[in-house]
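Work through the exercises below with the sequence and the coordinates side by side.

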Amino acid sequence: GRTNIHIAPSTAVATLRGRHPTMPGRVKSVSGLAIEHRPPEKKFFGLLNKKALRKPGKFNITVSGGGLGLNTVDMAKSILANPSIKKGTVIHAVAGRGLNLKELQQLEKSTKGKAVQVRAYGFAPLRQMMGEADMNVLRPHGTSITEARSAAKPFALYLPYGKARGMDINNARAVNKSFGIPLVNERTLGAETARIMGDYSSEVAKAKKFKTGLFGGAPEISDIIRKTKSFTAHTPLRNRL
């Protein structure tokens, strides 16, 4: 950005500093990440007029693909296609501002009353959805990864086979290396979902280990920017921070 400074969690600092001779002095580490974790709202899914999805026996999966809802249709279909997925599973597919909401709504209609069902959403408070879900599947965007970690629930990172963007691949590999989060595509997602469901207590215990702190790193990030020499006392952003 304008300050030529890169702010990263401690797990990514060594990789970033090795990319260019000038990087060691420009990469700043923070102990936490910038999204504050809050407990999910009670019966969150019910607030979106989806009836009582938290009944005993239900297994809730949130699938998301950033603001555009990339690949959420493929994610939902991949899970639906696996016969090992437990009866009572509900897939909450978030379209965001993408163009795939109608297709997700068609999936919702076609799975009504079935053993595994889809629920379609446009804009939705994803952080709360991740917190209430039993499992999350997401495209590996920085904010979504942070939200998934904060939720302390098992999650998988989706990279469409042969079509993943370089930025997504780098994000996914870094998280996989640091925390062992599984990388999946349309061919493997269904099997990975069934595996996590089959050993769920163990997967939840793992998830709690990569949960972010309660307050995140926003104060640290603000302090780093304010102390950067290129920001003068009259810089509007510095003053707002």
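The exercises that follow concern a predicted model, and they treat its nonpolar cores, a helix pair and some loop residues.

**Exercise 1.** Identify which residues have the most contacts inside the largest nonpolar core, and which elements build that core.

*Solution.* Begin with the core itself, which has 25 residues, with Val-63 and Val-137 having the most contacts inside it. Next, assign the core to secondary structure: two or more residues come from each of the strands β3 (59-64), β4 (89-94), β5 (116-121), β6 (135-138) and β7 (155-158), and from each of the helices α3 (72-80), α4 (101-110) and α8 (189-198). Then take Val-63 and set aside its neighbours within four places in sequence; the contacts that remain are with Thr-72, Met-75, Ile-79, Ile-91, His-92, Ala-93, Val-94 and Val-137. Finally, note that another core, of 17 residues, lies apart from this one, with Leu-126, Ala-148, Ala-151 and Leu-157 among its members.

**Exercise 2.** Determine how α3 and α8 pack, and what kinds of residue form their contact.

*Solution.* The handedness of the crossing of α3 and α8 is right-handed.

**Exercise 3.** Locate Asn-71 and Ala-152, and decide whether each is buried or exposed.

*Solution.* Asn-71 belongs to the loop between β3 and α3, and although it is not a glycine, its phi is positive, at about 70°. Its relative accessibility is 18%, so Asn-71 counts as buried, the cut-off being under 20%. Ala-152 lies in the loop between α6 (142-151) and β7, and its phi, near 55°, is likewise a positive value in a residue other than glycine. With 9% relative accessibility, Ala-152 therefore counts as buried. As background, most residues other than glycine have a negative phi.

**Exercise 4.** Describe the surroundings of Pro-154.

*Solution.* Pro-154 is placed in the loop between α6 and β7, and its 4% relative accessibility is why it counts as buried. Beyond its neighbours within four places in sequence, Pro-154 is in contact with Asp-134, Met-135, Asn-136, Ile-196, Tyr-200, Glu-203, Val-204 and Ala-207. Lastly, Pro-154 and Ala-205 are 51 residues apart in sequence, while their C-alpha atoms are 8.8 Å apart in space.

How values were computed:
Residues numbered from 1 in each chain as written. Predicted model: local features only at pLDDT ≥ 70, side-chain atom pairs only at ≥ 80, totals over all residues. Heavy atoms only, no water. Core = buried A, V, L, I, M, F, W, Y, C linked by side-chain atoms within 4.5 Å. Buried < 20%, exposed > 50% of the residue type's maximum accessible area, 1.4 Å probe, protein only. Helix = DSSP H or I, 4+ residues; strand = E, 2+ residues; numbered from the N terminus. Contact = heavy atoms within 4.5 Å. Axes fitted to C-alpha atoms, helices over the stretch in contact; angles between N-to-C directions. Left-handed = near helix turned anticlockwise from the far one by under 90°. Nonpolar A, V, L, I, M, F, W, Y, C, P; charged D, E, K, R; others polar.
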